[in-house]
Amino acid sequence: KRIAADGSKSDCTDNPMYFKAASALYKLEPSAQAARSMGLLSVKNGLYAEAKKYFEDAIRQDVDPKNRSEDWLILAVIAEKQGQLAEAKRACLESARANPESGEAYLFLASVYGKAAGTCGSNAFEKNAVYWAAINMANRAASVQPDLSARAESMAATYRKNVPDKSIAFQFNYKEGDSYTDGCWINERVVVRF
């Protein structure tokens, strides 16, 4: 690493020539690892469309389900950064399918659902009902991967504070134990709990 004029640390991957050289090398010898490296370089440089292509290429080439799961999770992060929440959900679910022992995809999906509050639905109940889906995903993450329990519970506790309260639910004819399907791209069936 070297120190830039502004005092920040950087390495050779910050140099545009490095990116061009790595890209040329990838074209000569494409592999899952090379695609993954190019994807990470693209993310570092804010080139999300290019990064997406590289990670998709890595997924096509790699047979290791854990690597594929991690690549899908990075695609979920990229999609979320681009505001493509339905695509982020799909990538999270693909990540979970690739590695059923990891709860990271469910934990990330919980955060994506939590960020969607206020955007799905047409009233106060519907717009905050997404928190139940977020809580469900956080709980699922902990059940799949117990070492995520502390993070998952912290996230779920935050979301519990924001679910629709009883009076709002009552106004829209929902009570404790009723089921509700979150709309929009979330499309998750949840149980009303206060």
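Tutor: Happy to! Let's begin with charge: the protein chain carries 26 positive and 24 negative side chains, and the centres of these two sets are 2 Å apart. Please keep in mind that this is a predicted model. Its mean pLDDT is 92, with 92% of the residues at 70 or more. One stretch to treat with care is residues 1–8, where pLDDT stays under 50 and the model has eight contacts beyond four places in sequence. Where pLDDT is low, the predicted coordinates should not be read in detail.

Now for the overall layout. The protein chain has nine helices and four strands. Reading from the N terminus, their order is β-β-α-α-α-α-α-α-α-α-α-β-β. Along its principal axes, the C-alpha trace spans about 60 × 40 × 30 Å. Of the 194 residues in the chain, 42% are buried. Among contacts with a separation of 6 or more, 55% are between residues 24 or more positions apart. The chain exposes about 10,700 Å², and carbon and sulfur atoms supply 53% of that area.

With that background, here are the cysteines. A search of the whole structure turns up one disulfide. A disulfide is a covalent bond between the sulfur atoms of two cysteines. Here the partners are Cys120 and Cys184, with an S to S distance of 2.2 Å. The pair links distant parts of the chain, 64 residues apart: Cys120 sits in the loop between α6 (104–115) and α7 (124–144), while Cys184 sits in the loop between β3 (179–181) and β4 (189–191). The torsion about their S-S bond is about -140°, so this disulfide is left-handed.

The two partners also have their own surroundings. Cys120 is buried because its relative accessibility is 3%, under the 20% cut-off. Cys184 has a relative accessible area of 45% and is partly exposed. What about Cys92? Cys92 takes part in no disulfide, and the nearest cysteine sulfur, which belongs to Cys120, is 15 Å away.

The backbone of Cys184 has a phi near 55°, a positive value in a residue other than glycine. Asn187 is also in the loop between β3 and β4. Although Asn187 is not a glycine, its phi is positive as well, at about 50°. Asn187 is exposed, with a relative accessible area of 54%.

Finally, for a stop in another loop, find Asn45, which lies between α2 (32–44) and α3 (48–61). Asn45 is partly exposed, at 37% relative accessibility. From the C-alpha atom of Asn45 to that of Ala24, 21 residues away along the chain, the separation is 17 Å.

Conventions:
Residues numbered from 1 in each chain as written. Predicted model: local features only at pLDDT ≥ 70, side-chain atom pairs only at ≥ 80, totals over all residues. Heavy atoms only, no water. pLDDT = per-residue confidence, 0-100. Contact = heavy atoms within 4.5 Å. Disulfide = S-S within 2.5 Å. Helix = DSSP H or I, 4+ residues; strand = E, 2+ residues; numbered from the N terminus. Buried < 20%, exposed > 50% of the residue type's maximum accessible area, 1.4 Å probe, protein only. Areas by Shrake-Rupley, 256 points an atom, 1.4 Å probe, with all protein chains shown as cover. Lys, Arg positive; Asp, Glu negative; His and termini not counted. Charge placed at Lys NZ, Arg CZ, Asp CG, Glu CD.
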